[in-house]
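I'm new to this one, so let's go through it together in a few questions. Could you take a look at the structure with me?

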Amino acid sequence: MFEQCGEAELKTLLAIEPGDPISGVARKIDENRETIRRTVNRLEDAGYVRYDGGLSVVDDTVREAGLAFLAAAASVSPPTISEAYVLPQFAGVEFAYTAIDAVYVWTRGGYQVARDETDYPLFIAIRKTDLEEWRRFFERFGIPTAQQRQPADEIPGPLQIVLEPRAQIDAEMVDGRPVISRSETVAFAREHYAIFESALDILDRMYDDVETESDY
């Protein structure tokens, strides 16, 4: 029983959505594929998950119990920045990284701006109909949410979530992270050219099919 209660097992159970491949779960939680394959094997042998053309969790009460445990643990040890990037994958609700985080994801972490470990907002696009659900989700982990970036001295810790409600989410996947389209990301960076000039240069070099006009 206890051998299925480790960190990898908990993160895997929480990240699985019906039909997910092992590689997809590994990317979601930023883990090695072979590590997650072995973890899935243990969970399957114990009866927690099944694989039938894709993964699924056998009993959602186990998943909810794991999420409740994680939320309780957050009151003792608040999420780190890297952990905060994984948390939205556990909500079971559609989202996509946007704004600064869209640039961060599409440059594969190559461009970071206007954030540091003492003041770190994460920007995610969500469906308007899911706004309250997202607020409640992050409240469980003690992370404040708003629809505009809040001054660092007005929030209790370094992390905050900036929610951007939309009528619908059209996400693309980059390294396991859902993100707004590359073209929309480029348009955002061009709109704020003074801040993202270097990012546009990176995007121009990374993707041949995107015209960033980074040299104007």
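What follows is a short chat about a pocket and some aromatic rings in this predicted model.

Me: Which element gives the largest share of the lining of the largest pocket?
Reply: The largest pocket has a volume of about 540 Å³, and 24 residues line it. The elements that each give two or more of those residues are α1, α4 and α5. The largest share, 5 residues, comes from α5.

Me: How many of the lining residues of the largest pocket are nonpolar?
Reply: E7, K11, L70, P79 and E83 lie nearest the pocket's centre. Going by type, the lining has 5 charged residues and 2 polar ones. The nonpolar count is 17.

Me: How many residues apart in sequence are the parts that the pair of Y85 and Y120 ties together?
Reply: The two rings pair edge-to-face, 6.1 Å centre to centre with 80 degrees between the planes. Y85 sits in helix α5 and Y120 in strand β4, so the pair ties together parts whose separation in sequence is 35 residues.

Me: Is Y85 buried or exposed?
Reply: R177 lies over the face of Y85, at 4.7 Å from the ring centre. The cut-off for buried is under 20% relative accessible area. Y85 has 4% relative accessibility, so it counts as buried.

Technical notes: Residues numbered from 1 in each chain as written. Predicted model: local features only at pLDDT ≥ 70, side-chain atom pairs only at ≥ 80, totals over all residues. Heavy atoms only, no water. 1 Å grid on protein atoms, 1.4 Å probe; cavity = no way out; pocket = protein on both sides within 12 Å on 5 of 7 lines; lining within 4 Å. Points joined across faces, edges and corners; volume = space filled by probe spheres on them. Helix = DSSP H or I, 4+ residues; strand = E, 2+ residues; numbered from the N terminus. Nonpolar A, V, L, I, M, F, W, Y, C, P; charged D, E, K, R; others polar. Phe/Tyr/Trp six-rings, centres within 6.5 Å; stacked < 30°, edge-to-face > 60°. Buried < 20%, exposed > 50% of the residue type's maximum accessible area, 1.4 Å probe, protein only. Lys NZ or Arg CZ within 6 Å of the ring centre and 35° of its normal.
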